[in-house]
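My entries follow in the order in which I worked.

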Amino acid sequence: MAPALGILGGTFDPIHYGHLELAREAMAAAGLAGVRLIPAGDPPHRGAPVASAIQRLAMAELAVAEYRGLAVDPREIQRAGRSYTVPTLEELRAEDPARSLALIVGADAFLELPTWHRWRELFALAHLVVVARPGTAFDGNLPPALAPEWERRCRTEPEALAAAPAGAILRVAITPRPISASAIRAALARGDAAAVRGLLPPAVLAYIERNRLYRPGQDAT
């Protein structure tokens, strides 16, 4: 079977090098064929984004131009309603039932998996690639509903993702990058564009400045 296709969802408000390098390192560590970044149209686990869906999509498309193997998928922005992950994976699975899919999630998001919409169905639709800081351990720290899934599905070799279309959990370690979209928005709201240089692609920062995004009073969260 061919290498798995990685899926990375997020608000990307704005997209930055933390997102992009996570995708790049996860792609390499898990042996993925590529990664699709899917901006959420209406994210269910946080407040409304500051930038519009179209603006966040445009910034993501500008950002991936620097990275081979990364692409942007607009389906959640084009789909009405809440941007739940299971319907997105169902659409991708229907497009190619035999293809191996790998949903990339951070360690914190993985621990909150039992709060997700229809979360148990994720394992029938995709593998999970759990991105953690080096040395992160889950043993003894998992929610009771998640612990049996971890014990049954955890794999240590990236080759496991290509052996089946879905169902495994692979943990990979990446380089810590303490970059947050909220801190970027706060700096821009202060008029301190210099503080965010190097945290996001120059083309994205130029787009933000050209469209006057994240100015004082825009961020209600």
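What is the order of the strands in the open sheet of 7 strands? I read it as β3-β2-β1-β4-β5-β7-β6, with parallel pairing. I note here that this is a predicted model.

Next I looked up the edges. β3 (70-72) and β6 (154-155) stand there with a single partner strand each, so one side of each has no neighbour in the sheet.

**Pairing, strand by strand**

I began with β1. On one side I found β1 paired with β2 in the parallel sense over 6 bridges. In that pair I see Ile 7 opposite Arg 36 of β2. I then turned to the pairing of β1 with β4, which is also parallel and has 3 bridges. Here Gly 6 stands opposite Ala 102 of β4.

I moved on to β5 (residues 127-132) and β7 (residues 169-173), and I count 5 bridges between them, again in the parallel sense. Val 129 has Leu 170 of β7 as its bridge partner. For β6 and β7, I list 2 bridges and a parallel run. Cys 154 is placed opposite Ile 169 of β7.

Which hand does the unit of β1, helix α1 and β2 have? I recorded a right-handed β-α-β unit, with α1 covering residues 17-30.

I also checked the loop between β1 and α1, where Pro 14 is found. The peptide bond leading from Asp 13 into Pro 14 is cis, and I read its omega as near 5 degrees. I flagged the bond because most peptide bonds are trans.

**Helices on the sheet**

**α2 against α9**

How do helix α2 (residues 53-64) and helix α9 (residues 202-210) pack? I have an angle of about 150 degrees, and their axes are 8 Å apart. The crossing of α2 past α9 is right-handed.

I then listed the residues that make the contact. From α2 they are Gln 55, Ala 58, Met 59, Leu 62 and Ala 63, and from α9 they are Ala 203, Val 204, Tyr 207 and Ile 208. Sorting the contact of α2 with α9 by class, I get 8 nonpolar residues, 1 polar residue and no charged ones.

**After α9**

My last entry concerns the segment after α9, which holds Arg 212. I read a positive phi of about 55 degrees for Arg 212, although it is not a glycine. I marked the residue because most residues other than glycine have a negative phi.

Conventions:
Residues are numbered from 1 along each chain as its sequence is written. This is a predicted model: local features need pLDDT of at least 70, side-chain atom pairs count only at pLDDT 80 or more; totals for chains, interfaces and linings use all residues. Side-chain values use heavy atoms; hydrogens and water are left out. Axes are lines fitted to C-alpha atoms, for helices over the stretch in contact, and angles run from 0 to 180 degrees between N-to-C directions. Helices (H or I, at least four residues) and strands (E, at least two) are DSSP runs, numbered from the N terminus. A crossing is left-handed if the near helix is turned anticlockwise from the far one by less than a right angle, and right-handed if clockwise. Contact means heavy atoms within 4.5 Å. Ala, Val, Leu, Ile, Met, Phe, Trp, Tyr, Cys and Pro count as nonpolar, Asp, Glu, Lys and Arg as charged, and the others, Gly among them, as polar. Two strands pair if DSSP finds at least two bridges between them. A crossover is right-handed if, with the strands pointing away from the viewer, the path from the first strand over the helix to the second runs clockwise.
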